[in-house]
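Dear colleague,

I am passing on the structure we spoke about, and I would be glad if you could look through it with the notes below at hand.

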Amino acid sequence: MKDLGTYAQNTWCPGCGNFAILTAIKSVLASLSDDGFPIENVVLISGIGCSSKIVDYVNVNSFYSLHGRGIPPATGMKVADPRLLVISHAGDGDAYGEGLEHLVFAAKRNVDITAIIHNNRVYGLTTGQYTPTSPLGFRGRSTPSGTKENPINPLELMLTSGASYIARGTSHGLELLKKIFKEAILHKGFSIVDVLQVCVTYYNMYEYYDKRVYELKDHNSSDFDQALTRIREWDYNSDSKIPLGVFYKKIAPVFEDGFSSTSIDKDQRSAKIKNILARSV
Amino acid sequence: MKDISILIGGKAGFGIDKSSLVIASILNQLGYSIYVYRDYPSLIRGGHTFSIIRASDGSIASHKDKIDILLALNQDTVNLHKARLSGGSVVVYDSDSIKPETVDGPWKAMPVPLAGIVKAEGGQEIMRNVCIIGAMAKAAGVSWQIAEGVLRRHFPKEIDVNLKIAERGYTASQEAFKIDQLNNPPRSLLSGNEALALGLINGGLDAYLAYPMTPSSPILHSLAGLAGEFGLKVIHPESEISVMLMALGFSYAGKKVAVGTSGGGFCLMTEGLSFSGMAELPVVVIMGQRPGPSTGLPTYSSQADLHFVLNAGQGEFPRFLVAPGDAEEAYYWAGVSLNIASKFQVPAIILSDKNMGEGTYVFDLAKAAGNFREESPAEWDGKGEYKRYLNTSGGVSLLAFPPDKDAVIKVNSYEHDEMGITTEDPEATVKMQDKRLRKETLIKDELKRYETVKIYGNKRSETVLLCWGSNKGVCEEVAKKLNVKAVQVVVLSPFPVEKLKDALAGANKIIAVESNATAQLVRLINSFGSGVHGKVLKYDGRPFSVEELTKKIEGLMR
């Protein structure tokens, strides 16, 4: 496997949780390539934020989109060419805030793309404001006396919206991340992986997570109700245990298969246009 | 009689729209040029809806205020449109729902018991419209054979009962005048929106995305209906934000893609438009104007978004902007817009409006197709290392599309280097900004071979009606009538400075005709130092009628 790095200078803070995600995704792409998967079919997409810089650091096709807007181009290119292996990286502010509607619709459509959410529960690049998954009372630069709103549980929302692969990892669990990423990418349908990634500068939660996370065992990921119960175990607000691993997985029809794959040449096209015009006399 | 106007009116839900197309088709069989203006409020049932169908032996693309035949399906139609009648007019009305004394006047009143006939024949209430069409055909001296042929084509379902009802309307009516049969074969009838849809297909469209919004939804409906036949991918996503960004995903994958909307939806698309400019991802945007600000008058027309589309999106980037004036131009420029977007990797905007999009015109394919040929963008030859944003002399970099085993294709909304990797370097920033802007020079060169400014009427006249978009039709007709010149600016960006200068050479009275309150075309040409001598502005959402514009221009010429 060729080196998947680029000449771009990495500008993440030392200790940033994004490094684990970068290492995991590069390792998964390399292993896919070694398994014979054509690496040129891969497109990495990102929104805007610290997490999104990842596309500059991986030497594969990429589409560096706008804040909140990774999912729509990912959907567009997958429908345009179903051979593409489309992976969208975004932060929690990006995907769960500005771009939330797109996630809901991607799940609803079950388009075969993978969304990897670098969820550090704070806006890093804009220097420390609360996000949709920050706990109640979070003191950020836009909420100096603490937020007055509860966080959302994005995985619960994804489950009820129709996502067909739902998992969670942390940036302190590289082997689990690699396993989940590979499975999510190979899953046919909409996959979402919420990665509890830590912003060392604005919201350092390493110790907090290390104390609470555990890996799901004896969990039936094909059972919707069990998945819901497990997803609800931690609401991104309480200090309960935090389950990691695959919550839910099902096989369902994918969006891109519902489109015409007919292709017609210019002469056929002209003849058909003439027919339509003849009917409209 | 060789220039006839028919108005059919009633409530939404009466089938006014369909009826107007059937009437247009009947007159089309007689060899006339046709124009249909549709007027309807923003509701599903009720209100007042009407269409004016005009047929003329001259080439027309506008309506007249005066009506020769009024087809009234309800009392409102009589009350609201009586003022359009004159001594020679005919009023065909439903005597079961309209008071005869309200129809009185110097014109000929023709009561037909529509509801009674429909009931007697066991039809549904909506079939009153075929009954009144039958009565209209007789009143206008059209043979039953012609009316029947058209009805058979338009009502394949329940044709027998429809025909019976129409024939009884025909019999209950009397011939009031005779429309001459002309020697021309009937032509296709297309709305501007249908022409845009077919023009995009002809230009090699692969995918179309849109969120429903008047007046552009019919393009979505047409293309969704044709998707299977032409192998198109047509998607109605969750919002216009998604529409634009999904389209850029298609574009990245090498597909020719277009989106359609109106002002409010375009507001949401502007972040994606600017992204298209920065990442050099081709996309065609159809922007159908309606009166604003904000929700405005959803089902009416306007030309108030010219400066909005010219300036939409943060930052500076070249864009192509064209405003076709009728169905044939819509078809032609839809294809050209796809070509220009993909060859120069820029957003191309087609500025339409409700009058153009939902107006119906006769359509001549040979004229509409013109010199158009589908073109493909220049693709990378596979030699050496691929650079998505290679800084070339013209500014256009060669394209590669994934999957390409020899290329890593990186596009970026940040400022980027030639590889597509983010940069904040001052020199690289200037280089890449210049690269993108240089493409405008290439587009200007390309446009030299196109008719970006058109001239009508008396070409030697020193008086000029200056217009753009759907006002082309009425300006052309009024210019001919008053023996003056009309000049239509077709392409608005890059602005055809030289061609407009040539078209206006020798003019000493330039009158701008626009459907907005602030003379937006005038503002644009003033920035190139041209200037006008008078303005006729209309911003009530309705199109200029021939009479109205004639009177205004005559006033200014005095």
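In chain B, strand β17(B), helix α16(B) (residues 472–482) and strand β18(B) together make a right-handed β-α-β unit. Please keep in mind while reading that this is a predicted model.

Within that unit, β17(B), which spans residues 463–467, runs parallel to β18(B), and the two are paired over four bridges, with C467(B) standing opposite Q488(B). Strand β18(B) also has a partner in β16(B) (residues 453–457), this time in the antiparallel sense and over five bridges, and here G457(B) is the residue that faces K485(B).

The largest nonpolar core holds 243 residues, and the members that touch the most others in it are I166(A), V92(B), C131(B), M136(B) and L465(B). Helix α12(B), residues 327–344, gives the most to this core, contributing eleven residues. Leaving aside residues up to four places away in sequence, I166(A) touches L155(A), M158(A), L159(A), I192(A), A227(A), F247(A) and Y248(A). Another core, of seven residues, lies apart from the largest one and includes V122(A), V198(A), C199(A) and Y202(A).

Finally, there is the contact between the two chains, to which chain B brings 49 residues and chain A 44 residues. On the side of chain B that touches chain A, several elements supply at least two residues each, including β7 (188–191), α7 (192–202), α8 (217–230) and α10 (263–279), but α9(B) gives the most, with eight residues. Sorted by class, this side of chain B is made up of 28 nonpolar, eleven polar and ten charged residues. Strands from the two chains also pair with each other: β2(A), residues 61–64, and β15(B) lie in the parallel sense and are joined over three bridges, and in this pairing F63(A) has V411(B) as its bridge partner.

With best wishes

Terms used: Residues numbered from 1 in each chain as written. Chains lettered and ligands numbered in written order. Predicted model: local features only at pLDDT ≥ 70, side-chain atom pairs only at ≥ 80, totals over all residues. Pairing = 2+ DSSP bridges. Right-handed = clockwise from strand over helix to strand, strands pointing away. Core = buried A, V, L, I, M, F, W, Y, C linked by C-beta atoms within 7 Å. Buried ≥ 20, exposed ≤ 12 C-beta atoms within 10 Å, placed from the backbone. Contact = placed C-beta atoms within 7 Å. Nonpolar A, V, L, I, M, F, W, Y, C, P; charged D, E, K, R; others polar.
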